[in-house]
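Okay, thanks for coming, everyone. Let me put the model up and walk you through a few bits of it.

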Amino acid sequence: MLALDAPVVPPSARSRAAQGLTAAAALGIFALQRCEDCGAVQYPPRDACVECLSARLRWRAMERGGELLSETLIRHGQELYFRRRAPYRAGLVRLDVGPSTIVALHRACEGAPSRLRLRLALDKAGQALLIGLPEKDVPDMADDPIIRETTCAPRARKVLITDVKTRVGRAMAEALVAAGAEIVWAGFAAPWKPSPHLEALRALGPVTPVPLDVTDESSVRELAGGIGGKVDILINTAEHHRPGAIASRNGIETARAEMEVNFFGLLRLAQAFSAALKARAADGQASSTAWVNLLSARALSNDPAHGTFSASMAAAFSLAQALRADLQASGIRVLNVFPGPIEDEWNALVPPPKLSPEALARTVVDALERGLEDVYPGEVAKDLIARFLENPKALERELAG
Amino acid sequence: MRDAARPYEDIVVAAPVTVPYTRHSIKSAHWFLAQALARLIHSARIRKTDIDGLAVSSFTLSPDTAVGFTQHIGLSPRFLEHVPMGGASAIVQLRRAARAVEAGDAHIVACIAGDTNHVDSFRLNAASFSRFARDAVYPYGSGGPNGSFALLTAHYMRVFGATPQDYGKLCVAQRQNALTNPLALFRKELSLQEYLEARPIADPIRLFDCVMPCAGADGFLVMRRAMAKKLDLAHARLLAAIERHNGYPDDPIQFRGGWALDRAALYDQAGVSPKDIDFLEAYDDYPVMTLMQIEDLGFCGKGEGPEFVRRHSFTTQGSFPLNTSGGQLSMGQAGAAGGHLGVVEAVRQLIGMPLGAQVGKARLGLVSGFGMINYDRGLCSGAAILAAPGGRKKRGKR
């Protein structure tokens, strides 16, 4: 028998072509397939151009305006997920770029015929969803059920930051308080020791320091036993980073220390916290909602000047994919953040531009509020991912210097 | 350009059969289809081996197709069609069978359709209906056909001024027609008030706009008139038939179907005009589609459907008899058999053996099929004109 609060997600089966829509939604881009030969825009996603049969269909960012031609209020969905959320407002929209689309309608949209704009978001199953929004923002836009279901805003939620020793961790705490988080548990290896940083964070109000050392399994388990069942969003900021080429050191102690935090730390957190997060994924308005991994753009392709760090982040990225697969079935979003070099002592020798911890923290909050899945904050990260997607082999050579 | 097809040469439809519908069944599609075939054989007083052509339609026959079904029932046809076209399957089967008989590829083609309905069948079918539906419709509230047709219904109301009373009048009239039909699942009188006050399903669609998914099967035989006479079978003659798939792909939303593209060919082939038609068996999964068929088949102009509805009674004995057995709205929808319902009822009316009341002057019947809401619209349309065994109408009356 299904427990009443067992997480139920919307139907997730999609064709391979439709995963292109998911890829765009993960990045917060509104993209549709366009035929490279005749220019026809396609929807639903296809394997051959509807006009000229060309197989050269590419995902391109598109204008998102359209006209609502018709709408309905579905009061009896076939799937349990929708039955719990009935009635569901759906509409048929003719996009300015051509195709007709079926969309979920924001409650502030006017009736047909009316102008609206579309957003591509990820639903609770982690799959792409087209949402019709009013042309202009209205007050409390984010309170609409379809927006709440597709985003992970920290407002009024309880958040655990795994490490606030670093500037990034502290900036994260400040940004979350500013975004209206109800509680911010601030992980700190020894919170009982006097620390000016902790005093400053305590002064923010909702911040409560908690003892946490991700390299210590019993520490992780103990904290999970205490607050695991209350955490709505977990943000893993714990990081160990020592620059240098792999041949510049003897022995593997530095690399082991990086793996101990960046990879095994994430694994310990996943083992201790994911079950509790999954269990509360369907808790109505106050549900658990997201898991954030602060990774590195160096996870995409090794930066030999940060050889072992890049490798540990590549390992953490891979583990984060496994975590995503596990949490997705419950409707918990895993947000992977791939920043370029951050303004800290370990990137002191890296030339600018570098990312300030404050900008990184704001990007994470923004990504949660928009419900994204992959974020590349800062100019360097955006440059790296573009080069990586265009030609990974070229990037490998370029990073070799 | 008009695509003129060769006229049919003395092709007839005989032995209309129905395996009584039930709301749910633990039996399989194979069972229902086999029973339809058994009834055809019994009704036509022929042997199984006399059937040398077979056309099959079913949503729930999986993992089998018509091929596996031949072995299941021990039939060795020399002509075999699997027609997965939902509510257009009957017309398409009829067209294929007629040409096969004309060409000598088969002497007697059994056209059957049927489905079972287990308790969870409808949801499972809706969830995996088509690739486009799975990618781009089902994740939006999983309303199934109710949600999709609600969008078409609301649009048609807004643009052409149809009212809930117009839709309701069709549903009420069809229920009236069902009252004398012993095989109808719904035989309780329905008032317009009850229709209007019924619970909303997917606005503006109300409970009585929706067909009841059920289990059942229907079938008929297609052969030459000479064969029907030899077998001493009552029969209706096939005068014309059309089909179209993915008609009007550039319409932003469906407000017409492929019938509008092909109706001139239909009436030309039959040598009759819309005013000669004595009754219409339209595909009534949902009332808005009935309105579109009335318009697109030329009984009135586009957008004049609501006015047409207000002018007629649609009862079997009234003006413009429509869905004289009660249609799917009262009989139930046995999956792919939904389109066969219209063909078997038309033949029954034309040979004077209806399940319920008889249309007073039933000489020419028009049957229309519609199927497969693959994404945002139904893709398959078809129609056929059948005539009573008597004399053929003169050509050139259009």
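So, chain B first: for its 398 residues, a compact globule would have a radius of gyration near 21 Å, and chain B comes in at 19 Å, which agrees. That radius is taken over C-alpha atoms, and the globule rule is 2.2 Å times the number of residues to the power 0.38. The C-alpha atoms of chain B fill a box of roughly 55 × 50 × 45 Å along the principal axes.

Before I go on, the housekeeping. This is a predicted model, so local features need pLDDT of at least 70 and side-chain atom pairs count only at pLDDT 80 or more, while totals for chains, interfaces and linings use all residues. Residues are numbered from 1 along each chain as its sequence is written, and chains are lettered from A and ligands numbered from 1 in the order in which they are written.

Back to chain B, which has 14 helices and 11 strands; helices are DSSP runs of H or I with at least four residues, strands are E runs of at least two, and both are numbered from the N terminus. Of the 398 residues in chain B, 60% are buried. Buried means 20 or more other C-beta atoms within 10 Å of the residue's own, exposed means 12 or fewer, partly exposed is in between, and the C-beta atoms are placed from the backbone. Among contacts in chain B with a separation of 6 or more, 79% are between residues 24 or more positions apart; a contact here is two C-beta atoms, placed from the backbone, within 7 Å.

Now a helix pair. How do helix 7 and helix 11 of chain B pack? Helix 7 (164-178) and helix 11 (287-296) of chain B cross at about 95°, axes 9 Å apart. Axes are lines fitted to C-alpha atoms over the stretch in contact, and angles run from 0 to 180 degrees between N-to-C directions. So these two helices of chain B are roughly perpendicular; the cut-offs are under 35 degrees for roughly parallel, over 145 for roughly antiparallel, 65 to 115 for roughly perpendicular, and oblique for the rest. On helix 7 of chain B you've got B:Y167, B:L170 and B:C171, meeting B:P287, B:V288 and B:T290 on helix 11 of chain B.

Next, the two chains together. There, 30 residues of chain B are in contact with 32 residues of chain A. Which helix of chain B gives the most to that side? Helix 6 of chain B does, with 7 residues.

Over in chain A, look at helix 7 (253-262), where A:E258, A:V261 and A:N262 are buried. They cover an arc of only 85° around the axis, so they sit on the same side of helix 7 of chain A; the arc is that of the directions from the helix axis to the C-beta atoms. These buried residues pack against helix 8 (264-279) and helix 9 (307-328) of chain A.

Most residues other than glycine have a negative phi, and most peptide bonds are trans. A:D140, not a glycine, has a positive phi of about 60°, and with 9 C-beta neighbours inside 10 Å it counts as exposed. B:D232 also has a positive phi, near 60°, and is exposed too, with 8 such neighbours inside 10 Å. Then there's a cis peptide bond between A:P352 and A:P353, omega about 5°. Another cis bond joins B:D203 and B:P204, omega about 5°, with B:P204 in the loop between strand 5 (200-202) and strand 6 (205-206) of chain B.
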